[in-house]
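Below is a colleague's note on the aromatic rings of a structure that may be new to you. Please read the points with the model open beside them.

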Amino acid sequence: MRKQPVMRRMMLAMVPCIMASIYFFGWRSLFIVLTSCFIGFATEYVFTRRHNEPVTEAVFVSAIIYALIMPPTIPWHILIFGMVFAIMFGKMVFGGFGFNVFNPAMVGRAFLYICFPVALTATWAPAAQGIWGALGTWSTALNPNAITAATPMALVKTGEAVSPALTALLLGRLSGTMGVTSAIAISVGGLYVFITKTANRWIILTVIITYVLANGILLLLNVKASPGILPALLGGGFLFGAFFMATDPISAPKTKRARIVYSVVIAGTTAIIRNFSVFNGGFMFSLLIANMFAPILDYAFKNRTHSIKSKELTGQR
């Protein structure tokens, strides 16, 4: 096993989200996380053993992110299928850790989103009520009558409901992907990676600020689907994406200016997709689009810097 202290801190930061998923949706959530980690490890091991190289701890970060953005009702075979695809085609075919262009967890989720749309978008378990939440149950999806076809944020988008109360968005007591409904749990881990500089601060701040501004403009323009600034920021797992997915050190740009442009693209595209498209996976598609342009952005800004320095040197001569 290749030890990676930064990846360990990322895993530690996601513990509050794992705990929240257990509390709101039952112990099946924990087994979804553990199964994803095991399958991710096994898939990477199949590739690395041929070159006698260790499995990286980064695979567990990808596996945990992947698990936390799954619905609590995700069938086991679909979960495993997506995890294998994420590591195989999102990471190892590019050469393994350090060479992947796209965020592996997003690659796996996007693949499932297209191949198994009902499992990913149309079966949502309710969040447990009461002080003990779902700590005494395997899954809140055990009652078929409680399963809904849309999340509260999806209903807001279609105009069938008003935005959930801010307290519900902060606590996470509402249906959604199992580890990203609680803005408080996300923020606890997010502040940890921000303060310890585990994740890039420029990306986090730029993504959040741009998204707030974009939703403010939509609100001023009186766009019907717009849920408002705070519900948009706290709902739909946006903060989880800003803290843990956009900041992937491999698939994000390496230069400061490129990171800012990259973050603006993520936030702006997310606002557009969430408000105007038929898809609900706004952050996922936005991140994959931004990943695609990350190497080009780095190349463009490095060339610009080199060109400016060359002109300065020529002028001095």
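1. Is Phe285 buried, partly exposed or exposed? With a relative accessible area of 21%, Phe285 is partly exposed, where buried means under 20% relative accessible area, exposed over 50% and partly exposed in between, using a 1.4 Å probe and protein chains only.

2. This is a predicted model, in which local features need pLDDT of at least 70 and side-chain atom pairs count only at pLDDT 80 or more, while totals for chains, interfaces and linings use all residues. Residues are numbered from 1 along each chain as its sequence is written, and side-chain values use heavy atoms, with hydrogens and water left out.

3. The structure holds 13 aromatic pairs, a pair being rings of Phe, Tyr or Trp (its six-membered ring) with centres within 6.5 Å, called stacked if the planes are under 30 degrees apart, edge-to-face if over 60 and tilted for the rest. The ring centres of Tyr113 and Phe285 are 5.6 Å apart and their planes stand at 90°, so this pair is edge-to-face. Tyr113 is buried, with a relative accessible area of 9%.

4. Phe238 and Phe283 also form an edge-to-face pair, with 5.7 Å from centre to centre and 75° between the planes. Phe238 is buried at a relative accessible area of 0%, and Phe283 is buried at 4%.

5. Ring pairs also join Phe81, Phe85, Phe89, Phe111 and Phe116 into a cluster.

6. Arg28 lies over the face of Trp76, 4.6 Å from the ring centre, a charge being over a ring if NZ of Lys or CZ of Arg is within 6 Å of the ring centre and within 35 degrees of the ring normal. Arg201 lies over the face of Phe194, at 5.0 Å from the ring centre.
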